[in-house]
Amino acid sequence: MDRQRRKILELGLGGMGILGGAIACSPIRLSESQDKSDKKIVVPPMKLSDASQERIKTSGLNPIAALREFDYGKVSQENGRTVREFELTAKTKTVKLDAATDFITWNVNDRVPGPTLRATEGDRVRIAFSNQAGHSHSLHFHGEHPSEMDGIKPIRNGAATIYEFDAKPYGVHLYHCHIEPVTRHIGKGLYGMFIVDPPTPRPPADEIVLIMAGYDTNGDGRNEMYAFNGLPHFYMQQPIAVQQNQLLRLYVLNMIEFDPVATFHVHANMFQVYRTGRSMTPTEETDVITMGTAERHILELKYGFTGKYMFHPHQDAIAEAGCMGLFDVVA
Ligand SMILES: [Cu+2]
């Protein structure tokens, strides 16, 4: 069995029938540090219900792929350093947030959120960005780079550009469209996570991406629906299986426009906070952390007891409108 196939099976996606084919085409990879480590990280199979499979198919959104999939780019060496090339395309796509709600997204690579890009501090990152969305867009990255790579210049529909810079500093970052009104361009889905790993890798862990976002479905400047990784209420319907007594590393990003802050809270546990992922030692232990728009953190925890545990912002109106999920801790 080849390595890619084995990874897919380890991720529990092998038996997904119609979805298996679609997901297997995308670059599902555990983090490189996990790949290289002797310590085996267990990713329990996600047994997708028929309803979940149907919802992923009809919604046009795939929160399973967003959860543990990292895009390390096409890797090469230039003058003795690692270069990672990414191809990102702005697209327009109508998705189904629930049975009654169609929503036109502006997005990257037909996904909301866009792919989670990943590099190691000091790598050269080269992003070929093309715009096929019908409107002007751009990609603005957080992190350090020269002004000409800051991604605030509109790239017209049908045009392309290259953003190139060194991946630094290590931490959890993000990218998003920076065309005005930015509230709309982010609110309609043109964003993703950008992880820069430290030169010395973090300890092995089950690594999970959770991006909170809101949807203004009627254009009134307020969000009517919210979601983790794109699809409202999905992880309540389909809990995220995690292993008991194993380090769980959450990369959490708040991309909610229109609401000034959202918190992130886990039930029945505490987590270690690595603010913006900018340290190797935690700065705080808590069970609820407040995040303004674009704030992001690494949160680490272990569940000592099996069972189902909720996670959600403690602005409960946001949670109840779709930004809520469950971990299913298994032995
Ligand atoms: Cu845009």
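How many bridges join strand β1 to strand β2, and do the two strands run parallel or antiparallel? In this predicted model, five bridges join β1 (residues 74-78) to β2 (residues 81-98), and the two strands run antiparallel. Strands here are DSSP runs of E of at least two residues, helices are runs of H or I of at least four residues, and both are numbered from the N terminus; two strands are said to pair if DSSP finds at least two bridges between them. Residue numbers start from 1 along each chain as its sequence is written. Because the model is predicted, local features need pLDDT of at least 70 and side-chain atom pairs count only at pLDDT 80 or more, whereas totals for chains, interfaces and linings use all residues.

The protein chain contains eight helices and 20 strands. Of its 331 residues, 44% count as buried, a residue being buried if 20 or more other C-beta atoms lie within 10 Å of its own, exposed if 12 or fewer do, and partly exposed in between, with C-beta atoms placed from the backbone. Among contacts between residues at least 6 apart in sequence, 71% join residues at least 24 apart; a contact requires that the C-beta atoms of two residues, placed from the backbone, lie within 7 Å.

Strand β2 takes part in several pairings. A second hairpin joins β2 to β3 through two residues. Here β2 and β3 (residues 101-108) pair in the antiparallel sense over eight bridges, with D98 opposite T101. By contrast, β2 and β5 run parallel and are joined by eight bridges; in this pairing A90 stands opposite N131 of β5.

Within β5 (residues 124-131) lies R126. This residue counts as partly exposed because it has 18 C-beta neighbours inside 10 Å. Leaving aside neighbours within four places in sequence, R126 is in contact with V83, E85, I162 and E164. The C-alpha atoms of R126 and A167 are 9.8 Å apart, while the two residues are separated by 41 residues in sequence.

Two open sheets were examined further. In general, the strands of a sheet pair through backbone hydrogen bonds, either parallel or antiparallel. Strands β12 and β20 run parallel and are joined by four bridges, with Q243 opposite V330. The covered face of β12 carries I240 and V242, and the uncovered face carries A241 and Q243. The pairing of β19 (residues 307-312) with β20 (residues 325-330) is antiparallel over five bridges, and M310 has L326 as its bridge partner in β20.

The other open sheet has four strands in the order β4-β9-β8-β6, again with mixed pairing. Its edge strands, β4 (117-120) and β6 (140-141), each pair on one side only. Four bridges link β4 to β9 (residues 191-197) in the parallel sense, and L117 stands opposite F194 of β9.

In helix α4 (residues 50-59), the buried residues are S52, R55, I56 and S59. These residues lie on the same side of α4 because they cover an arc of only 100° around the axis, the arc being that of the directions from the helix axis to the C-beta atoms. D50, K57 and T58, on the other side of α4, are exposed. The helix is followed by G60, whose phi is positive, near 80°.

The largest nonpolar core comprises 82 residues, and M193, I211 and M212 have the most contacts inside it; such a core is a set of buried Ala, Val, Leu, Ile, Met, Phe, Trp, Tyr and Cys residues joined through C-beta atoms within 7 Å. Strand β10 (residues 206-215) gives the most to this core, with six residues. Not counting residues up to four places away in sequence, M212 touches Y226, F228, N254, M255, I256, A262, P313 and C323.
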